[in-house]
Each structure stands twice: as C-alpha cells, then as structure tokens.
Amino acid sequence: LVKFLDKSKVLLNDGLGTNVLKQTANAVYKFRLPPPAGPIVISNTNSDQVTWYPNKTVSLQFINEAPGVEGYSYILSDDPTTNPDDINEGKKNSVAYTNLADGIHYFHVKSLRAGIWGGTTHFAIKVDATSPADFIVDISPSFRTSSKSPIIQFTTTDALSGVDHYELKLVSLSVKSAIDAAGGFFIEAVSPYIPSPLSLGSYDVIIRAYDKSGNYKEITERLRITDPFFSFISNLGIKIGNWLIPWMWVWIFALVLLFVLIYIAYRVRAWRHRIHSLQQEKELPDHVTEQLEELKRYRKKYGAKLAIILFLFSSMFFAGDKVKAQTPQIAPPLITNISKSISNEEIFYVGGKTDFTNAEVVIYLQNLGTSETFSQYTESDNKGDWFYRHTNFLSPGSYLLWAQGKIGEELSPPGPQVTMTVNRTAVQFGGSRISYEAIYLFIIILLSICILGLSIYIIYHYYHGRKKHSELQKDIKEAQESILRGFAVLKHDIEAELAVISKVRLSAALSLEEKQKESQLLFDLEDVQKKLRQEIWEIDKEAR
C-alpha cells in the first residue's frame, strides 16, 4: 500500500526546489524480490583480479548467498562484458580450466532462481607464464679488465606483466676464494651496478630479471679481473707486469730515447740534404770526374768526334733538375680554452686557433673508460679562431681531446692532446685537485707525441733521402756509360789511324816520326782498352 499525505511533496530540480505535486491518489502495489545480482567468485589459484599469476591452470568457486538457487551458467572469454547463455550447467559451484594462454581472461557466471536468471559476475584472470625477454649483460670497461670495480649494466622488457626487479649474484671461480662475492645469495640490484672492489680472478656474473608474475630470465657472463700489465702507481713509478720502474728511471730512459731520436733525425736530415746538394750542384764522384778529364785529354789528341757524345752526355746529366710539386703540410689546430672541470649537468665546450681561415676543424673526443670515440666538426673564422659547443651532456668519466685541421680532403697531423674530466655530480665543494697520476700521464703523453713525431720525421727524411740517392746513382751510372761510349769511339779512331800507318808500311818504309807516332798510338790503344775493360767491370758490378 502506497499512501500520499497532505504534506507530501515532489520537488523540481530547478535550484529552487519548486513543488510540482498537484494531484495525488492512493493505490495498492504488489512487490516481488529481485533475482540475485550475481554469485560471489573466489579462486585459490588466482585470488586477486589485479595481480598477474604464472599458473596456466585456474580453479574457480562461485557461491550465491541467497537460498533456492536452481543452477548456474558460466563461460570463460577474452571479453570483459560477455554474458553467459541461459543454459543451466547444473548446481555444481566450481570449475577448473587448464592450459590457459598468456593474457587476460574473464570468467562470467550467473545463477538461476525461481526460473529467473540473475545478474552476471565478471572475474578477471591474468596469466603470464612467459619469462622476460633475452637481454645482454654489458660490463665496462670490458669483460676482461684490470678495474676491480667494473660497471655491470643490464636491462630487458616483458610483454605482459612487465619487469618487476633484477637480482644479481657474483660467483668467484678462483681457488683462493671459497666464498662468493655476493655472499652466496642473490641480491636485488639495479642497473648500472658497481660491486665492491673485487680480488684478482674469474667470476660468473649471474643476472635474473623477474616479471610481475614471478617468472625470471637468467643470464650468465664471465668476468675476469686481471693484474694490469701497465699501470701508474701514484708517485712511485710505472708498474709493468711484476716490475716497478721508479719515475727517475722512466724520465732518464725517456730523455735518453728522445735525445737519441733527435740525433738520428739530425743525421738523417743532413744526409738527405747532402744528397740533394750533390744533385743541385751536379757534382760527380771523384773517380767519374777523373775519367771525364782523361777522356777530354784524349779528345784533344784525336779530334772532335766525341763532341756530339759529350754534348749528349752533358745535356743528359746537367739537364734542369726535376721539379716536383711540394704539398705544404697543414699545421694542426691549437686548443686554447676548454671546459675542463665540468659535471654531467653542464655543457662541454672547446675553442682554439688555427693557421688557416674559414676551414673545417675536426674535434675528437675519446672516453678513456669505454674507449668510445666520436668526432664533431666546426669551422674557423676569418681570423683563424674556432669554437665548438656540444649539444647535450657528456657521460661521467675521463676524456681525451684533440683536433685536426681539414682543407678539402687533406687532414693535418693531430694536434696536442688534452685530458678532461666530467664529474658525476654537478656541484663541487672546495678547489680542484690534480693528482700525481694526471701530471705523469700528461708528461708521458707529451713525450710519446714527441717520440712519435721524431719517428715520423726520421722515416720521412730517410725515405726521401733514399729516393734522391737512387736518382743520383742512376745519373752517375748514365755518366759512366757515356764515358764508356766515348772511350769506344776513341778506340775506333786510334785503330783507324793505326790501319793507315800499316798501309804506309806496306808501300814504303816508315820515317822516324811515323814510327814514334805508331808507338804512341799502340800505347794509347792499350791504355784505352784497359780503361774500357775496367769501366765495363765497374758498371756490371754497380748493376748487380
């Protein structure tokens, strides 16, 4: 029974609460209880609808608190809004599904009471039985290193539930170490991970990546901590293998080597210039000059038949020197200002001067920790000044910086190297401190550059000296061959005059003067033949 009183009101939602009830009438209504809203669903394998589980087998129980339930209808689908059909599956209030695929499934169930189907309950089932994706474990500076605190980096993905966390374990493979570096247990870690200083030896680095359903992917890499073959030990010296060389001996050896190379460079340069002077002055060796003078003396006695040969010889040997284009070497750029002490939250810049204007400057920056090197280009202005500002932040670490000039396709030698450090934080307290190692490293780099430059200088002058020496030997050989041809012509002339004298002897007796001339001719012929044999032997010897 529904009864309206005199004070009953129906208020309009107009912001003023206006009463719109104008007329009332009493009536009698009959109410029926509604069907159940939906059974309560629980699961002992996937209890939380938000959580991912690795189970491919799912068991479900569904209970209706209201009495008189005649049966249930249920279905499993991938659609969260699916309604089961109106077919009664019986009163059994539990079901199990096996070998479910990875992903989100939805269980839908409704109950029947008094011939009426109630509301549907939707229950989410999240299944992720697949481990995270394969990944790479990267160890810096390398998997075999002398650094006792290497940087271990790792990352991966998971397609369904997502990566939850990583666990790490370092297992020592050294006989001397009976306890694992991580205490024998996996520890939760984040990338990048830097372990406490490790002892020398081999380690297995085991990384496990867990997803949110509890699956994990395990990757193992071998790490070897070795004793550095070459290292600086503060102000004591340089360690090479098991030997420690004091700094005093290092400087003595470096200076002696430097002076020896300077001396060799001086001698090689002098040798090359001496050969060049011989070519410029057209100066023949003493034995060739003596042969030429003797040939001239004979020519005065036996005519001018050698004039043409001598002219050809002179024009060949004393011809103008070969002129070769000399390519001027580009001077390397100089670095005059650099943002040396910066953090990983500050922009790096560098500037300097060059001997050329409006040309490219190639800037090289090498990370000494990872050995990664990258280059950038800038341009010098009309005064030879150049400046470069990096577009993003540099990673923390120590860097080696140098520059080269570029004109067209030609590059200058590398300029002096400069070291730079990028600190891990942007804020520094107190003044900067330069260690002994940084000073020694700079001096050794400087000496190495000097030694390398001197070595290149020696090789350059020796190569060009050998080339000019070969050219000079070729010219001398051609001169000797010309002289040999001159003596051959001379021999022919002497033999011709002796033939004339022989004809005179047959027709009449020779006078005293003719006999003396014949004797002189025979003597000169024997001398010329001897010189011809000697010259041929010397030329063959030089040819071999």
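Are Tyr-97 and Phe-107 buried or exposed? Both Tyr-97 and Phe-107 are buried, where buried means under 20% relative accessible area, exposed means over 50%, and partly exposed lies in between (1.4 Å probe, protein chains only).

1. Basis of the note. This is a predicted model, in which local features need pLDDT of at least 70, side-chain atom pairs count only at pLDDT 80 or more, and totals for chains, interfaces and linings use all residues. Residues are numbered from 1 along each chain as its sequence is written, and side-chain values use heavy atoms, with hydrogens and water left out.

2. Overall content. The protein chain has five helices and 27 strands; helices (H or I, at least four residues) and strands (E, at least two) are DSSP runs, numbered from the N terminus. Of the 544 residues in the protein chain, 33% are buried. Taking contacts between residues at least 6 apart in sequence, 65% join residues at least 24 apart; contact means heavy atoms within 4.5 Å.

3. Aromatic pairs. The structure holds eight aromatic pairs. Rings of Phe, Tyr and Trp (its six-membered ring) pair if their centres lie within 6.5 Å; planes under 30 degrees apart count as stacked, over 60 as edge-to-face and the rest as tilted. The rings of Tyr-97 and Phe-107 have centres 6.3 Å apart and planes at 65°, so this pair is edge-to-face. Tyr-97 belongs to strand S5 (residues 94-97) and Phe-107 to strand S6 (residues 103-113), so the pair ties together parts that are 10 residues apart in sequence. For Tyr-364 and Trp-402 the ring centres are 5.5 Å apart and the planes are at 15°, so that pair is stacked. This second pair links distant parts of the chain, with Tyr-364 in strand S22 (residues 360-367) and Trp-402 in strand S25 (residues 397-407), 38 residues apart. Tyr-364 and Trp-402 are both buried.

4. A ring cluster. Ring pairs join Phe-62, Tyr-72, Tyr-74, Tyr-97 and Phe-107 into a cluster.

5. Ser-111 lies in strand S6 and counts as buried because its relative accessibility is 0%. Lys-91 sits in the loop between strand S4 (69-77) and S5, and counts as exposed because its relative accessibility is 61%. Leaving aside neighbours within four places in sequence, Lys-91 is in contact with Val-69, Glu-70, Gly-71 and Tyr-72.

6. A five-stranded sheet. An open sheet with mixed pairing has the strand order S10-S15-S14-S12-S13. Strands S10 (144-145) and S13 (187-189) stand at the edges with a single partner strand each, so one side of each is left without a neighbour in the sheet. Two strands pair if DSSP finds at least two bridges between them. Strands S14 (residues 201-211) and S15 (residues 216-225) run antiparallel and are joined by 10 bridges; Asp-204 has Arg-222 in S15 as its bridge partner. S12 runs antiparallel to S14, with nine bridges, and antiparallel to S13, with three bridges. Eight of the 10 residues of S12 are buried.

7. Glu-167 in the sheet. Where does Glu-167 lie? Glu-167 is in strand S12 (residues 163-172). Its bridge partner in S14 is Arg-208, and in S13 it stands opposite Glu-188. Leaving aside neighbours within four places in sequence, the contacts of Glu-167 include Phe-186, Ile-187, Ala-189, Ile-206 and Ile-207.

8. The charge of Glu-167. Glu-167 is buried yet has no salt bridge, and the nearest side chain of opposite charge, Arg-208, is 4.9 Å away. A salt bridge is a side-chain nitrogen of Lys or Arg within 4 Å of a carboxyl oxygen of Asp or Glu; Lys and Arg count as positive and Asp and Glu as negative, while His and the chain ends are not counted. The side chain of Glu-167 makes polar contacts with the side chains of His-165, at 3.3 Å, and Tyr-210, at 3.4 Å. A polar contact is a pair of N or O atoms within 3.5 Å; within protein, one must be able to donate a hydrogen and the other to accept it, and residues adjacent in sequence count only if both atoms are side-chain atoms.
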